[in-house]
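Please look over the sequence and the structure before reading on.

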Amino acid sequence: MDINLCKIIDFPKITDPRGNLTFIEGHNHIPFDIQRVYYLYDVPGGAERGGHAHKALHQLIIAMSGSFDVILDDGKNKKRIHLNRSYHGLYVCPMMWRELDNFSSGSVCMVLASNKYDEDDYYRDYAEFIQAVSTK
Ligand code: TYD
């Protein structure tokens, strides 16, 4: 998949003096149905997460609190995206190697996913991922 398919999505933001509100509807604001939500928190300084690609899973990554970087790699091109707004989400298409680092202290990374957890959907070996994208 081309890295340019992965984009920042700007979600609706209902501003209110009592506090702002953002909402996300599957297949409306993001190009998939939400089957699973997970989040990373209490990430120690200097830690890296990710380091894998998914065969078929679509995901959306949001910095719910604080900030961190997502490094995307489609096997040909790489880009580093800084996330620091809870009304922005990074859409990550299938067959995209991703790494997350530069977590600020107290940051929370929420991920919306198009399917349930399935270890068979992962490429955890970078060489295997490169082999798979180059034979496509
Ligand atoms: P992993 O996807 O490798 O984490 P990250 O990419 O955020 O660094 O998952 C870490 C561990 O958690 C791994 O043993 C699988 C397990 N896990 C689940 O059981 N369910 C889930 O929904 C996720 C995302 C992970």
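## Strand pairing

Two strands are said to pair if DSSP finds at least two bridges between them. The structure described here is a predicted model. Strands β4 and β11 (residues 108–113) are joined by 5 bridges and run antiparallel. Within this pair, Leu-40 has Cys-109 of β11 as its bridge partner.

## The sheet that contains β4

The pairing of β4 with β11 belongs to an open sheet of 5 strands with antiparallel pairing, and the order of the strands is β1-β9-β6-β11-β4. At its edges are β1 (8–10) and β4, each of which pairs on one side only. From one strand to the next, the twist averages 30°.

## The sheet that contains β5

An open sheet of 5 strands, also with antiparallel pairing, has the order β8-β7-β10-β5-β12. Its edge strands, each pairing on one side only, are β8 (78–83) and β12 (122–123).

Inside this order, β7 (residues 68–73) and β10 (residues 97–101) are antiparallel partners with 5 bridges between them. One of the residues involved is Ile-71, whose bridge partner in β10 is Glu-99.

## Residues around the ligand

Which residues surround the ligand? They are Arg-36, Tyr-38, Leu-40, Arg-49, Gly-50, His-52, Tyr-117, Tyr-122 and Arg-124. By class, this shell has 4 nonpolar, 2 polar and 3 charged residues.

Strands β4 (36–40) and β5 (49–54) each contribute at least two residues to the shell. Leu-40, which is part of the shell, is also the residue bridged to Cys-109 in β11.

## Polar contacts and buried area

At Tyr-122, an N or O atom of the side chain is 2.6 Å from an oxygen atom of the ligand. At Arg-124, a polar side-chain atom is 2.8 Å from a ligand oxygen.

How much of the ligand's area does the protein bury? On its own the ligand exposes 530 Å², and 63% of that is buried by the protein.

## The annotated domain

An unreviewed UniProt entry lists residues 6–133 as "domain: Sugar 3,4-ketoisomerase QdtA cupin". In the model, this span is 43% strand and 6% helix.

How values were computed
Residues numbered from 1 in each chain as written. Predicted model: local features only at pLDDT ≥ 70, side-chain atom pairs only at ≥ 80, totals over all residues. Heavy atoms only, no water. Near = heavy atom within 4 Å. Polar contact = N/O pair within 3.5 Å; in protein donor to acceptor, adjacent residues only side chain to side chain. Areas by Shrake-Rupley, 256 points an atom, 1.4 Å probe, with all protein chains shown as cover. Helix = DSSP H or I, 4+ residues; strand = E, 2+ residues; numbered from the N terminus. Nonpolar A, V, L, I, M, F, W, Y, C, P; charged D, E, K, R; others polar. Axes fitted to C-alpha atoms, helices over the stretch in contact; angles between N-to-C directions. UniProt positions renumbered as here; feature names shortened; annotations may be inferred.
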